[in-house]
Amino acid sequence: MLIVFTGLVGAILWNVLTWLLGLPSSSSHALFGGLIGATLASLGASGVLWNGVLMKIIVPALLAPLIAGIIAYISTRVVYRVTVAVPENRKKKNFRFGQISAASLMSLAHGTNDAQKTMGVIFLALVAAQEIDPSADIPFWVRLVCAVAIALGTYLGGWRIIKTLGKGIVDIEGPQGFSADGSSAAIILTSSHFGMALSTTHVATGSIIGSGIGRRVAVKWSTARRMVVAWTITLPAAGSVGALTWLVGNYINHFTGSDWMGGSNRISDSGWILRLDVGTLAQERYWPR
């Protein structure tokens, strides 16, 4: 429980900082980084399944924006080519509704991927507290809480990140936005089907840049570079905060002689120990002491 709690603190602090700066960093990577950092501080390197980190975080993080950009570029070129004879006023009106539909599909895709990660962490906490069997289904109340939270966050999120993605990289027209949202939704839904924990932020940014290149408008690469820097340091930064928070929480537990900040025993009474895996919960059996 201490690992889960302090890992979440690391992720939340990094998310809040990047939100204040208006940088659309990856909440998914902040979550992974916070949990990895807290796990390293508690269990050491053996507590993390590094193959899962590589294949389910690092590789998708490198490939997703590139693939999204290519698909959005092709989609944008095709859309503008097909509608070249359509009057501008009619095109603007029709694609406004098309972009709303594509954005709604993008929101649905976001829920199928990002909300699942949050549910996974809550489920991890329940397993760590021995409140649920690792093979059990996700309780309904966990699904409901995550759905309400992600909806409220969307409603209350503010304009900082919206301005960065909507105006800070390229100027977006209706056909271009339709192509970018449609491309992002397709990639995220596909990754959710195959159980890959993609970053919605990375995919959406790659799609927007690809659509701008496809429309042949200027891309503000300075903003894009700032975002890439934020992406690069998210995992280690959130991990460092998660590790530091674990050390503080462990000290508080030790000082008070309690588990007030969350239990930190490595091996439970049943002899099970949880090891961090991305996308799945993996458990390993150890002989009793």
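Buried means under 20% relative accessible area, exposed means over 50%, and partly exposed lies in between (1.4 Å probe, protein chains only). The model is predicted, so local features need pLDDT of at least 70 and side-chain atom pairs count only at pLDDT 80 or more, while totals for chains, interfaces and linings use all residues. Residues are numbered from 1 along each chain as its sequence is written, and side-chain values use heavy atoms, with hydrogens and water left out.

**View 1. The aromatic pair F95 and F178.** Rings of Phe, Tyr and Trp (its six-membered ring) pair if their centres lie within 6.5 Å; planes under 30 degrees apart count as stacked, over 60 as edge-to-face and the rest as tilted. The count by this rule is two aromatic pairs. F95 and F178 are edge-to-face, at 5.7 Å centre to centre with 70° between the planes. This pair links distant parts of the chain, 83 residues apart: F95 lies in helix α4 (residues 88-128) and F178 in helix α7 (residues 174-193). Helices are DSSP runs (H or I, at least four residues), numbered from the N terminus. F95 is buried, at 14% relative accessibility, whereas F178 is partly exposed, at 33%.

**View 2. The aromatic pair Y251 and F255.** These rings are stacked because their centres are 6.0 Å apart and their planes are at 20°. Y251 and F255 are four residues apart in helix α9 (residues 221-256), which separates them by about one helical turn. Y251 is exposed, at 53% relative accessible area, and F255 is exposed, at 64%.

**View 3. R96 over the ring of F97.** The charged end of R96 sits 5.5 Å from the centre of the F97 ring. A charge sits over a ring if NZ of Lys or CZ of Arg is within 6 Å of the ring centre and within 35 degrees of the ring normal.

Key: Helices (H or I, at least four residues) and strands (E, at least two) are DSSP runs, numbered from the N terminus.
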